[in-house]
Amino acid sequence: MIKNLGIVETKQITCFEPPNHLTLKSGLTLGPITIAYETYGKLNSDKSNAILICHALSGDAHAAGLHKNDKKPGWWDNMIGPGKAFDTDKYFIICSNVLGGCKGTTGPSSINPDTKKPYGLSFPVVTIKDMVVVQKTLIDYLNIQKLHAVAGGSMGGMQVLKWSILYPKMINSAIVIATNTGHTAQQIAFHEVGRQAIMTDPNWNNGNYYDKKPPSTGIGLARMVGHITYMSDESMGKKFGRQLINKQRVGFDFSQDFQVESYLKYRGDTFVQRFDANSYLYISKALDYFNLSEEKSLEEVFQNVKSSFLVITFTSDWLYPTHQLKSMIKALKINDIDVSSCEIKSSYGHDSFLIEIDGQSDLIRNFLRKTTK
Amino acid sequence: MTSRLDYEIIAELINPNARVLDLGCGTGELLCLLKKRKNVHGAGIEIDEQAIHQSIEKGLTVVHGDVDTELLDYSSKRFDYVILYESLQQVLHPEKVILESLRVGKKVIVGIPNFCHINGRFQVFFRGNVPITKELPDQWYDTPNLRFLSIKDFQSFCNRHKIKIEKKRALSRNQEIVFWPNLFAHVGIFVLSKN
């Protein structure tokens, strides 16, 4: 029987305190920075069993287990725990909220110590690289010299790639799921629709809404668009088809007719309660700026990479389709890097990495065992 | 694992500690045996998702993809051996795949089913049927094989392309065949090289 983690809690550390600061990729500086993180399992005596999990756009440090008085477990609870793919009986799992987030790590909704008010748009634009540099600070704080693995899907996968390039000697293996080496025009386009939805909401008020009504309509819309890109034609068809909402026939008006409409609205409405609109702007921008081959070819980018790779994609993921990672796999092969890949058959679209558990678990469990030295 | 003479022969043909690429590695049995016997550093390419799961379960490195295209990604002479065992007859462009394999590997090991085995010839001659045998059990309409060739055909192919056959072995049902392999062997195994 698979056991669960039980009650877990989010911890925080603060770093880059004066006189220190973090110089971001943009050249701007930021500090102090608070990092929210959770850990599961036990770090072994030689500190060789740590695995860092990186979350996606709307994720947070709460990857697994339950928070006290909470019914819903962390976002990857079906993958992390005793006997699961990331087996907490064997590994020490770490997950932290990204820089720019709104779940405990410093972001636009945090209080700027200089003004004693939320940063809002005065928060500097951050990149995937900046997020990884902050995670590295946490790993240093935990006194871990080498991670057994770094793993993540979607934006989490981008952080994994950046880890492998920035700190090649610090990671044994990289698990890269449903992601890309650089955002394409289509991926940027969808994000821009989401950002425009937020920024054209009058309540957004140039990012100053923390003491007023938040731009709920805007971020709700952004989430609706996002959610469409996370599903697939097939998964929407199976889940909703053309089913109507409590009616026998369409209303011949502009009220909601179809179940898919109310589902998206519900997704948008619930997102408002748990996510900050400015964080959505900053993080989606970080994704759009992500491009590993902006200065060098992918072959050159991966030249000094040391870790083994496991690359997982899904057949119905049209947001980050398998073919977009082919050039990365090629670059890894040319650099003589140990790379395994698998495209898992699934109908859940991009969300497969959160839903398609069995196939992923098999691959990850065996890959982690192989790379255990 | 039951012992398979064909796998044992391939293991004999390979030098210890070699770097090996197995094209169409299936569930990874051959690669696994080569790792145990010869301590090879190997990787596989495989198209079938379930087979990949099984290969990775064995601790192997496998890339999911088409042999025809995945092979193009590797730099020249990257491997000591490229293996095309029981997969050549299923690739879309065998000529291209063999020549690319000879670019990527210093040597190429090819294993082919011999469609001109005596049993098959009997069936063609007396019954007028395309042969269905224990080794080639599929009907013409559901066979995964795209190419039908004999040991002799393969040798002429190599001559035509100036590919050197360094070694050749032949076997039939766990028995090595020395005489008249094109008539009595079900499988031909070749070690190829090209300057």
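## How to read the model

Residues are numbered from 1 along each chain as its sequence is written, and chains are lettered from A, with ligands numbered from 1, in the order in which they are written. Because this is a predicted model, local features need pLDDT of at least 70 and side-chain atom pairs count only at pLDDT 80 or more, while totals for chains, interfaces and linings use all residues; side-chain values use heavy atoms, leaving out hydrogens and water.

In soluble globular proteins, nonpolar side chains tend to be buried together. Here the largest nonpolar core has 73 residues, and those touching the most other members are A:Ile94, A:Leu99, A:Leu147, A:Trp163, A:Phe302 and A:Phe309. Another core, of 57 residues, lies apart from it and includes A:Ala85, A:Ile312, B:Ala18 and B:Leu34. (A nonpolar core is a set of buried Ala, Val, Leu, Ile, Met, Phe, Trp, Tyr and Cys residues joined through side-chain atoms within 4.5 Å; buried means under 20% relative accessible area, exposed over 50%, and partly exposed in between, with a 1.4 Å probe and protein chains only.)

Not counting residues up to four places away in sequence, A:Leu147 touches A:Ala50, A:Leu52, A:Ile94, A:Ile139, A:Trp163, A:Met170, A:Ile171 and A:Asn172, where contact means heavy atoms within 4.5 Å.

## Where the chains meet

Across the interface, 22 residues of chain A are in contact with 17 residues of chain B. Together the chains bury about 1700 Å², 47% of it on carbon and sulfur atoms; this is the accessible area (1.4 Å probe) that the two parts lose on being put together, summed over both. Between the chains there are 5 salt bridges, a salt bridge being a side-chain nitrogen of Lys or Arg within 4 Å of a carboxyl oxygen of Asp or Glu. One of them joins A:Asp336 and B:Arg19, with the closest N and O atoms 3.2 Å apart.

Another links the side chains of A:Lys333 and B:Asp73 (3.2 Å, N to O). That pair crosses from helix α9 of chain A to the loop between α4 (67-70) and β4 of chain B, and both residues are buried. Helices (H or I, at least four residues) and strands (E, at least two) are DSSP runs, numbered from the N terminus. From helix α3 (residues 49-57) of chain B, B:His53 touches A:Cys342, A:Gly359, A:Asp362 and A:Leu363, and B:His53 is buried at a relative accessible area of 8%.

## Inside chain B

B:Tyr81 sits in strand β4 (residues 79-85) and is buried, with a relative accessible area of 3%. The side chain of B:Tyr81 reaches the backbone nitrogen of B:Asn15 at 3.2 Å.

Helix α2 (residues 29-38) of chain B has buried residues including B:Leu30, B:Leu33 and B:Lys38. The buried residues of α2(B) pack against α1 (5-13), β1 (19-23), β2 (41-46) and β4 of chain B. Just after this helix, B:Asn39 takes a positive phi of about 50°.

## Salt bridges within a chain

Over all chains, the count comes to 26 salt bridges. A:Lys136 and A:Asp140 form one, their closest N and O atoms being 2.8 Å apart. These two residues are 4 apart in helix α1 (residues 128-141) of chain A, so about one helical turn separates them. A:Lys136 counts as buried at 19% relative accessibility, whereas A:Asp140 counts as partly exposed at 40%.

Note on methods: Polar contact = N/O pair within 3.5 Å; in protein donor to acceptor, adjacent residues only side chain to side chain.
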